[in-house]
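Please look over the sequence and the model below before reading on. The paragraphs that follow start from a single residue and then turn to the interface between the chains.

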Amino acid sequence: MRDIVKEIESKFSNHDDLFIEEELVGKTTIYFIGFNTLVDLTKSKLYVQQMAASSSSVKALFINLSDQVGVDIEQILKAILEGKLVIVSKGDAENAIVDPIAQNLNRSIEEPKNESPIQASINAFGDDITINVGLIRKRLSTERLCHCSYQVGELDKRRLSMLYIKGRAPNILIEKANQQLKQIKSDIETIDDLNKQFGQRILSPVSHLSPTELPIQAIHSLKKNRIVLFMDNYPFALVFPNLIWDMFSTENDRNFPFVLTFMLRLFRVIGAVATVVLPALYVALVSVNPGIFRTDLALFVAKSREGIPLSAFLETILMVVIVDLILEAINRLPKSVGPSITMVGGIILGQAMVEAKLVSNLLVIVITAVVIASSAVVGIQNSLYIRLLKYPILVLASFFGILGVWTGFILTVIYLASLTSDDIPYLTFNIKQEGDTK
Amino acid sequence: MTQRIQIVIVFILIQLSIGYLVYPDLIYVLTKTAHWELVMCQGFLQLILIWIYIKGLNYFPENDVIDIYLKMGRWVAIIFLIPFVINLIALVAFNIRLHTEVIISVFLPRTPYWSILILLYFISVYTSIKGLGTILRSSVFIFLIVIPLVVFNIFSSVINFDIHNVTPGWELPARFLLKNKFFYLLGFSSFLFLGFMASKTKLSFRQLFVAWVSVTLFFLSVVYIPLFIFGQEAVVTLTNPFLEAMDSVDISWFSFNRQTMFFGLSLVGLVIVANSVMLWMIGQIMRKIFKFRKVKSSYWIIAFSVISFVLAFLVPNQSLVEKCFLWSTGAQAYSMIIIPFTIFIYGFIEKRRVKA
């Protein structure tokens, strides 16, 4: 019965990487079917031959090789697409789906690329979901670590995994997240696609998920009663829900004595506040409320702006936009060109603009401080969103001065307070341990 | 996620917001000596009312004030709560307008007042639309930022104190109790919102007592700082005695010119919390009473805030604003007496009936 083989052949007629290899085992002919881009054929064949040598019949061989024997054509097609090796015997309905020796498409466990832990374990998550979950299992060997897996999507079934510690994460949260993940209909391509499943936040810069590359951080989040999600082929653990404290703390801080940990976190908070407020404060102090300083200080500020044609707001927004452009441009460029752009940008921003009397000395200092401060927070996504938050405050400051800075800051706080994911507010500092231990 | 500590914080913030501006004025008008007696009298009266209110509310677990009134009947709810809503609208309007005047005098002498009105209204309405959770959470953060400023203000003004300004410190009998304006003073103790937030969390009197003590201390300081600095005779002539008192402080080593700025900043934070709570109360009342209309509470809030904005916009000058503000707090005092008592009595009767 060459039916199945024929059918597969016609189904995949547009796939040149499909192989159908004939092979003789004992007296029966069998066919190996699979994609040579996903299956290492030579090694897999060798493996099957070795197994065949120790098996009495073809049927026994099939049973030895796999527990998916005699499945229907639909499942076979799916298995081929997933990179399995399908073995079909000639003139017989016998078939089996075998886990082959796969082509190596993943990198091995490497160092983190986006985070740089100091004095800490430097294993990072990789692309393969099983390896990622394994990294967690290895470090957290308890039977209370639960793992739910999902296959979602319309065109491409993407594998998702949800991990939580039973008895730690609140049951309501687990149930809701479970529901939301099960209902996914559309393809999950990016974090934002997944993010939308947890309730749309229109035009919100704050995600429901906080990505981390470090197993230690993911485990810490699990222990802090949260859920960790994994997407297949995505080298990050996604911690749900995302809380504001993620921006200021990493587990690795705690490798230092408490006082140093406190200092590090304090600096991050200062950095975040400074990023949001400093440019606006400059505009407010220079253009609207110069009178609140002592006279000598006010004179100094006024002097630094002597002969500058642009208004304070225009000058500041110009600089802020240029700096954000540079930060983005450095990302886009190949590593070899990056430093030159930084150098040119630095010269333009630091020297040329001041010498041309386009912006004031003081502003350059302020902007530099902001750039450095915005990078102090943990996680590039957080750094990006606090960089965005400074613009509304800047506009308010240009109208209302100090009052604008203050109301803008309060408005930002109120906005952040209004965010919730599955009824857990973004501004919570810890999630209550509410799960059943049974 | 409503927590008691958050409610207590909102309680403190609202008291501070209402008490900062007109409260000392009223005290100076009411008595010439022994101001602390007056403050304490008002405080104890407030404490008794809060106790009755909480006692009444605790008869009905899982219910807020509106639910309790609706149990008595829809018309009872309308009769008791609609005047309260109207009063709140006026209070929001005059409160924001009053603060706007102070903000203009502190920060932005050249800016037209309507632009600041719009700014304050926008933030208050936005916060109240986002709901109770947002108000409570943001008020914790505002508390953490504002209270240090308030404390700094109070302690920095010590350098100008003259102890002779407040003698004699004793007066008997307390004649002010009979004056009409003492009733206005009661209107400053805004605690009615407690009943609106308490549906899921049971309030504990002990925590509120701690809050009450700190608020009373604050009121005393608000009254006594201008007194210590200027003395009773001078203070009566000032429009904003506390503001003037802050303006008189000059610390030579401090890099900022005026302490008033910090005062202004703390005012803005407080007024936003107070008004968003009031607007939220309006939205809750209207939504629950007119349930059959299926109007979201956010539409009610927006509609009423527009009315209140027009009201605030139309008042021509500051002295009229202050008068209107006093009237609306006086009217508030009626609700403050009536609502706790009705709830308490109704709860008492209900309990009897259930037992029988």
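**A serine and an interface**

Leaving aside residues up to four places away in sequence, S335(B) touches F84(B), N87(B), L192(B) and P340(B), where contact means heavy atoms within 4.5 Å. S335(B) lies in helix α15 of chain B, which covers residues 318-355; helices here are DSSP runs of H or I with at least four residues, numbered from the N terminus. S335(B) counts as buried because its relative accessibility is 12%, the cut-off for buried being under 20% relative accessible area, with a 1.4 Å probe and protein chains only.

This is a predicted model, in which local features need pLDDT of at least 70 and side-chain atom pairs count only at pLDDT 80 or more, whereas totals for chains, interfaces and linings use all residues. Residues are numbered from 1 along each chain as its sequence is written, chains are lettered from A and ligands numbered from 1 in the order in which they are written, and side-chain values use heavy atoms, with hydrogens and water left out.

Turning to the interface, 27 residues from chain A and 34 residues from chain B take part in the contact. The area buried between chain A and chain B (accessible area lost on being put together, 1.4 Å probe, summed over both) is about 2700 Å², and carbon and sulfur atoms give 77% of it. On the side of chain A that touches chain B, α14 (380-400) and α15 (402-418) of chain A each supply at least two residues, and the largest share, twelve residues, comes from α15(A).

Terms used:
Buried area is the accessible area (1.4 Å probe) that two parts lose on being put together, summed over both. Buried means under 20% relative accessible area, exposed over 50%, partly exposed in between (1.4 Å probe, protein chains only).
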